[in-house]
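User: Hi! Could you walk me through a few residues in this model?
Analyst: Happy to, let's open it up.

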Amino acid sequence: MPVETENAAKARRGLVAILAATVIAGAAGYVLQALVPLWLSTPAEYLQFGVFWATTFLLVSLVSGFQQEVTRAIRPVEDADVSQSAGSATTRTLGRTTLVVILGAILVALLITVIASDRLFPISPAMLGLALAIGLSGYVGISVLSGIFYGLESYGLAATTTVLDSVLR
């Protein structure tokens, strides 16, 4: 099979995998939204959940560009194209950058909790602030993994990451 045809087939399989993962992730979100009222006993608790969920994804959207930048920075290379030290330097840079972004995300989540907890999280502000920080930093980790998989053109792994993220959430 010619290389161009192999690449086209790989791209098609990747598109199908990503579209399927997107459908599953979306469905998981809707299922969660439908099940939450069964777990919560009062409308006030459901309102608190809705505010928490919306706040989490507002902050996730603020760091979503990180995945795109990781994808742009990572690409498949031939062994002859990169030395061991260059690969190690890239790994260290990505690791350090990820740590800084995670720490920044935690700081933003905690600042928002401190500044607006009486309005955002009147029920259990400390617990929900901590959950917000964990959720946001977890998203940064998932975005790094997804970005790496997309950059390496490993679309099946990128799709699997999307599904696992939505199901575990």
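User: Great. Where does serine 166 lie?
Analyst: Serine 166 is part of helix H6, which spans residues 155-168. Keep in mind that this is a predicted model.

User: Okay, and is serine 166 buried or exposed?
Analyst: Serine 166 is buried, because its relative accessibility is 7% and the cut-off for buried is under 20%.

User: Which residues does serine 166 touch, leaving out those up to four places away in sequence?
Analyst: Those would be Ile24, Ala25 and Ala28.

User: And what about the side chain of serine 166, which backbone oxygen lies 2.9 Å from a polar atom there?
Analyst: That is the backbone oxygen of valine 163.

User: Where is serine 124 placed?
Analyst: Serine 124 sits in the loop between helix H4 (84-120) and helix H5 (125-151). With 42% relative accessibility, serine 124 counts as partly exposed.

User: Now glutamate 153, what about its phi?
Analyst: Glutamate 153 has a positive phi too, about 60°, although glutamate 153 is not a glycine. Its place is the loop between H5 and H6.

User: Why does glutamate 153 count as partly exposed?
Analyst: Because its relative accessibility is 36%, and partly exposed covers the range between under 20% for buried and over 50% for exposed.

Terms used: Residues numbered from 1 in each chain as written. Predicted model: local features only at pLDDT ≥ 70, side-chain atom pairs only at ≥ 80, totals over all residues. Heavy atoms only, no water. Helix = DSSP H or I, 4+ residues; strand = E, 2+ residues; numbered from the N terminus. Buried < 20%, exposed > 50% of the residue type's maximum accessible area, 1.4 Å probe, protein only. Polar contact = N/O pair within 3.5 Å; in protein donor to acceptor, adjacent residues only side chain to side chain. Contact = heavy atoms within 4.5 Å.
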